[in-house]
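Please look at the sequence and structure before reading on.

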Amino acid sequence: MTDKHSGHNRRSFLVGTGAAAVAVGLPQIATAATDAPVDRQTGSVVVRPADSRYQDLIRGTNQRWVGTPERVHVARSTADVVAAVQLAVDQGKRLTVQGGGHCYEDFVFNSDVQVVINLSELDQVAFDPAMRAFSVGGGATLLDVYEKLYRIWGVTIPAGQCATVGVGGHISGGGWGVLCRELGLSVDHLYAVEVVRVDANGKARAVIATSDAGDVNRELWWANTGGGGGNFGVVTRYWFRTKDATGTDPAGLLPRPPAEVLLAAISWPWETLTQKDFTTIAANFGDWHVRHAAPGKPESALFSYLNLNHRSNGQVGLLTQVSGNAKNPEKLYADFLADVTRGVTLRHGPLTNAMGEFAPAPEFEVPQRLPWLQATKYLGAANPILADPTLRGDFKSAFNRARYTDQQIAVWYKHLTRTDFHNPRAQLMVSSYGGKINSVGRSDTAFAHRDSAFKVLYLSYWNEKADDAANIGWLRDFYYESYGATGGVPVPDAVTDGCYLNYPDIDLNDPAYNRSGVPWHTLYYTDNYRRLQAAKAAYDPRNVFRHSQSVRLP
């Protein structure tokens, strides 16, 4: 019998009556795809500490977090995930899930974790006619999703910029990216999810939850529209279809990206950048976004990153993309640049230094038009920093409804010019927000940040463990002083609106760094947290899926 929603044998959704029952009928020989023996109990490829592959499967992008699990299950199907979860539950093992491996904290890899479920083989991208939606596996990475959706059907989802980010955690946390001002968040186009959950009796099974008003599992769909990965179960598949899209032609069920975009990159040299010019650039950038935060404006076609690097980098940069759907992209960019540079005495030049995840881009000092997919690949994969096998990092974030104060900008200048700290890859990045994102209500999805103008990311990358204390300490000082008036964090008020869930920061739990009296979950979820707790109680009543900032049971 076939499930009408998935096209998969219904047995894959009903296994979960105990490890012994799961084992019946599963393959027990090597597979052509992996040439590795599958586990008799779970059907997945299991890697243990003695295996030569183990060291590669117990870490993600950030080398601060390396796990020591008893085993890693490389799942190849939803049935594999169900079976692996069931076995872990039956054995009382602590489990976590790895999608793309970009988690900013140790939620996947830490000393308490005994079992890791690796979703990297669940990377299929296809059109599902029964669901009238695009199916994307929970282990797919963003560039693969972009390429397959666009090359075959000419559509896209407005997800993140980094090519190697996995959709599993990215989408469930909201899914923000370069096209967001024009097209909204990824979750604004999410129709359904397939989630492996564990019920009160300890039985694992896969559930499909849709946005349909009559769906008994609709709250599980809602919880995954910004409630975060690792909270309610294992997301093995997403289905995307734009709300109110009609017909059966796949090309009309998701937005089409612009055929081409205008890309521009400039910089100012730190050597001659005065505090006055620094303040003017930062203030102008914020003011522009506050003026153009509402949806429906022509300016929603423009997206920009202001990279305020530590002085040791040598430059401050501005990277901008304008959709070719704009009436006149060149004029829109010229007007934006005129606003950002108004009152700045220092002339800008080419962006010749790497900045965080962005490569040097001197060829774009004069704006150039590029095909959309080419520009997307360029922005997402041009800088090899995220492929560095020794990379370490720390991150903090904020949403802004109003422009930061001159006093805050003075704090930024102070910490970015500190001479007791030297790291060219340390920075504050202010990025565009608002536009179409703000057309959705704060409780329509679990992602509540729906009236901000821009987002701020405080970050530092480094390579040596010996440099951990210096980088983490600098970032903590920088962030805490930036929000000193509100207890060291960007509390939801008239100016700020908390933090971005997909940039998790465990310091928000610590009263030494968060003296605001506002709990971490309010900073992430604002008023949606109680509803998320109710979803947690309904779909993960045993708290199987948890980490240090997971949704708590009520």
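Val-97 stands opposite Ile-117 in β4. The model is predicted: local features need pLDDT of at least 70, side-chain atom pairs count only at pLDDT 80 or more, and totals for chains, interfaces and linings use all residues. Residues are numbered from 1 along each chain as its sequence is written, and side-chain values use heavy atoms, with hydrogens and water left out.

**The open sheet**
- Strands are DSSP runs of E with at least two residues, numbered from the N terminus.
- Two strands pair if DSSP finds at least two bridges between them.
- β3 and β4 (residues 115-118) are parallel and share four bridges.
- Both belong to an open sheet of four strands in the order β1-β2-β4-β3, with mixed pairing.
- β1 (45-47) and β3 (95-98) are the edge strands, each pairing on one side only.
- From one strand to the next, the twist averages 25°, with angles taken between N-to-C directions, from 0 to 180 degrees, of axes fitted to C-alpha atoms.

**Strand β12 and its partners**
- β10 (residues 260-269) runs antiparallel to β12 and is joined to it by nine bridges.
- β11 (residues 302-309) is also antiparallel to β12, through six bridges.
- Leu-318 of β12 stands opposite Ile-266 and is the bridge partner of Leu-306.
- The hairpin of β11 and β12 has five residues between the strands, and Gly-314 there takes a positive phi near 100°.

**Burial of β12**
- All nine of the nine residues in β12 (315-323) are buried, meaning under 20% relative accessible area with a 1.4 Å probe, protein chains only.
- In a regular strand, side chains alternate between the two faces of the sheet.
- Gln-315, Gly-317, Leu-319, Gln-321 and Ser-323 point one way from β12, and Val-316, Leu-318, Thr-320 and Val-322 the other way.

Note on methods: Buried means under 20% relative accessible area, exposed over 50%, partly exposed in between (1.4 Å probe, protein chains only).
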